[in-house]
Structures are given as structure tokens and as C-alpha cells.
Amino acid sequence: MGHLLSKEPRNRPSQKRPRCCSWCRRRRPLLRLPRRTPAKVPPQPAAPRSRDCFFRGPCMLCFIVHSPGAPAPAGPEEEPPLSPPPRDGAYAAASSSQHLARRYAALAAEDCAAAARRFLLSSAAAAAAAAASASSPASCCSSPTSEGAPTEAGGDAVRAGGTAPSSAQQQHECGDADCREPPENPCDCHREPPPETPDINQLPPSILLKIFSNLSLDERCLSASLVCKYWRDLCLDFQFWKQLDLSSRQQVTDELLEKIASRSQNIIEINISDCRSMSDNGVCVLAFKCPGLLRYTAYRCKQLSDTSIIAVASHCPLLQKVHVGNQDKLTDEGLKQLGSKCRELKDIHFGQCYKISDEGMIVIAKGCLKLQRIYMQENKLVTDQSVKAFAEHCPELQYVGFMGCSVTSKGVIHLTKLRNLSSLDLRHITELDNETVMEIVKRCKNLSSLNLCLNWIINDRCVEVIAKEGQNLKELYLVSCKITDYALIAIGRYSMTIETVDVGWCKEITDQGATLIAQSSKSLRYLGLMRCDKVNEVTVEQLVQQYPHITFSTVLQDCKRTLERAYQMGWTPNMSAASS
């Protein structure tokens, strides 16, 4: 194999091999193929001893040089050419012993190379080696030979009548000490070390805080904070305690509110709706320790009184939102404190606070000039004076609602001064006439939502004017109004912006009105026909098929949509319970 890995060019004059003895010529076959496993040579019959060599027996020098597994010399410059042994018998014996020791060392190295060769010649490893060689022409182990050496080796083997040795064989037969023990997988030398397992805690704290911000309060406190101490500290970050939603939690007591306020004094929003286990004392402590509170919500906390709202108004001058609907103990005293001390108020909700009257509402209207939203519901002590005060002193009002209040057309007409009015809720105003509504629609050009439900006096003519004058109107609610198919036809014919129309419980609506508004309106997306008894369900089914972009609301259609959503969420009917 020494001549196969020679560094010399191919056309150099080759050195003559020393002639072998007769025993060696008989033993060497014509062609030797690479073997996968070293096999023992079967014993040969004793040949007559020849005198071609100096020793009686096989020529040891020929055995070392011409053996099929003999180690290849690095090159002619590293190992001198073979020469006949000297005639001195003792020197010849010592020289042959040295050659035999080298041979045994080479055979020991061949055992490791043979194991690697067996793996490399397997079918799976051959495919992997072919793919690796196609992607990278460089071999796993850099051989000290030049690029022309494999070609020369292949040529010599072919000329000898055999096959060219594979690249794997050449790589593992090189003389480099690092290549004598190949890896178990031949592709490991091309493969990068596996990446480390990602750890979420290696992310910057800012990113983890952003992730935790998408969790609810329960998920952070009851799940994420229990993972590890690091996550617990992150869940206690001050930014998560700026906005607290504690609604419907009976474990919220005065002590808990005090602890929360003591730990995080930068709360800007809190919702304690339906929390019945606390009292005014807890709210007072919260307001005292959180002077930066901006939004305060406490629906249906009937145990709270003016004391809590006065404390909030006194200690939180930057308050912008107060929603305290359905608090029976709230009176005008609390509203006066809000109006005089909270000049930044923009959003108030005092629905179903039955003890509130015009006295407290007027103070708020005059003191809170930045109001944008006001909603009142069933406040029977609130009259036209409150409506007039808000219209005159709060020019930035955008949302106004006086559902069920003691308001008439005389007070509502003042709302025409609000040029920024976008949403108006006039449900159940007993003394509301059509002329007032039409005048509001004409003057308030930014009006986008109008709710006239439960007003029996609204007729087809009023709806026609609304359709013609409402240039930006998108939502129109006419439940239980005195309208017919003509109102629906007028909406479809004159309005190019209305998307939502609800005419439920209008007994005079028929199939004709529902069909014509669906055909003529280009902007309609929702049509409420709940309990319109003259509208046939078969007609609605046909409209659903013809106009899939419109949602038709009836009892049957709503039930179908509810079942579809339930099936999508994985609900399956219990047939056994239904059959029993």
C-alpha cells in the first residue's frame, strides 16, 4: 500500500521491488479485495524450503512488504528503499525481529481500522458518507497526501485488475494518529454540536413581563407565580398592579384592599363590582394610599355609601372615570364632592342610583367641563334641568344616555348644541316626539348610534328623515316602535351608511319589508327581527341563503348560531340523557 499513498507524481520512475522468494510467490494471490473482517489464513501445506532467502522458511521481509494488510509507508523519503539483507546472520536476525515488531504494531492498529471499515461499508453508512461527500469535498480526516494521491491509488488498483479503494478506506488508512480511531457515526465530523435546550428564564425580564401581561389576574396569581421564585417576583411587578379587576370576588375584604394598597401605591384602575364583603373603610384606605387613581368602578356595591365616594373624590383629584351604578345609598352629597374636586372627570355612570337628583348632577356638569360620557338609567329624580346643564357646560360630550329618566323633549332638544355627539341613548323616554328626534339628527352630524327603543311614538316618517339626514349613522335601534315595512324600505333606499337595524317586537313588520331592505341596502350587516310575528321563518331562511353577509336575528336563527358555536367549542349532546 505504500506505493498507493505516495506523494511522488505518477510519472516518476518506479523503483523495482525486490524479488520474492518462491514461497511468497506461491502464497500471494493475483487479486486481493478489501476484507470487512480480518480472517485467519487457513494453514497451507508445508512447501519445500527454498534457498532464495537467507532463512529457512518464508521470507520475513517479503511477508512484511507484500502482505495484503501491510502498513503503507509515508513515502520514499521517510523510509529507505528495500535492499537485500546482509550476509551476516546475527545482524539479519536482529533486523527481521525489528520488522516483525513493527508488523505486530501495525496489525494492532489495523484491528481498529477494520472495525471502522466494516461500519463504513454498511449500506446506511455508505449513503450518509455519499451525502456528506457531496456537500463538502473535504474529507473528515485531512490526509497528508496531495489531491492526486487518491486518483493515483485508484489508477493503480484498476491497473492491478481490482477496484479503486473507497475514500473511507483511504481516510482510515492514513498515517495520521488522530484518524486511527474514527467516530461511531461518520457524519459526526460534519455535524455541529446539538444546541442547548432553550430556557425561558434566559429571556430578558422585560420580555417575560410582556408575556405575563397577557395573563389574567387569576392566571398570574394562582398559576404563574407558583412556578418558581423568579416568576413570583415578576408577577409582583408594579406594572401588573396598576390595573386590578377584583370584581365578583367575595374574598375581597377591607384587610385585603389595605394590603394591596400598601404594596402597590401606583394603582390607576380598580374594579370592585359585586364585592359584598368590603365596606367604606376599605375603599377609604385604598383611596388614601393610591392618590394616582384614575378609574374607579363599583357596580352593585349596595353596602357602600357617600363616605367611599367622598374619600375617592378627596384623595384622588386626577380621577377620570367613576362608574358606581346601582348603589342605593349614594346621594347628591357624594356627587357634589366629585364635581368640586375632580375636575378631570370624563366618564360617569350613575344608573339606578335612585337618590340622585338634579342638585348633584348640575354640580358635576358645572365642575367637570371635560366630560365626554354620561349614562343615567331609571333615575327618576333627574329631569330636563340636568340635560340642559350638561348640554350647556360640557361641550365635549360624545356619549349621552338618559334611559328611563324623567326627561322630555324640552330637555332633549338642548342636546342639539353638542356638535361632537356620536352616541345617543333615549330609550323609554315617555314624552319624546318625532320632531325633536329629527332635529337632533339634522344638527348632530357626527351621530353614529341612535337608540330609540321603547318609544311608542316613533313612526315611519321619523325613520325616513333619520335615514335621509343621518350622514354618519351606522346603528339604529327601533325595538317596540310604531313602524311598518315602509320604515325598512326607506332605510334601504335612502341610507348608505346604516349597518345595524333592530326592529324586534314591531308587530307590523312583514316578509316584504325584510326582503326589500335586504335587497336594496348596500351597507346592511345586521337585521333584528326578533318576535316580528308576521315575518315567516321560511322567508328568513331564504334570505340567509341569498344574503350571507347579513345576519338575520330571529328566535330560530339565534338558536342555530348558538348550537354552532357550542359544536365548535367541542360540545356534544348527551343522547342517553335526552332519550331517558
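**Reading a predicted chain**

Tutor: Welcome! The accessible surface of the protein chain comes to about 32200 Å², with 55% of that belonging to carbon and sulfur atoms; areas come from the Shrake-Rupley method with a 1.4 Å probe, and for residues only the protein chains shown count as cover. This is a predicted model, where local features need pLDDT of at least 70, side-chain atom pairs count only at pLDDT 80 or more, and totals for chains, interfaces and linings use all residues. Residues are numbered from 1 along each chain as its sequence is written, and side-chain values use heavy atoms, leaving out hydrogens and water.

Student: Why is I207 called partly exposed?

Tutor: Its relative accessible area is 38%. Buried means under 20%, exposed over 50%, and partly exposed in between (1.4 Å probe, protein chains only), so I207 is partly exposed. I207 is found in helix α7, residues 205-212; helices are DSSP runs of H or I with at least four residues, numbered from the N terminus.

Student: How much of the protein chain is buried?

Tutor: Buried residues make up 40% of its 580 residues.

Student: What makes α17 roughly parallel to α18?

Tutor: Helix α17 (residues 434-443) and helix α18 (residues 460-469) pack at about 5°, with axes 9 Å apart. Axes are lines fitted to C-alpha atoms over the stretch in contact, and angles run from 0 to 180 degrees between N-to-C directions. Angles under 35 degrees count as roughly parallel, so α17 is roughly parallel to α18.

Student: Which residues of α17 make the contact?

Tutor: N434, E435, V437, M438, V441 and K442 do, contact meaning heavy atoms within 4.5 Å.

Terms used: Helices (H or I, at least four residues) and strands (E, at least two) are DSSP runs, numbered from the N terminus. Angles under 35 degrees count as roughly parallel, over 145 as roughly antiparallel, 65 to 115 as roughly perpendicular and the rest as oblique.
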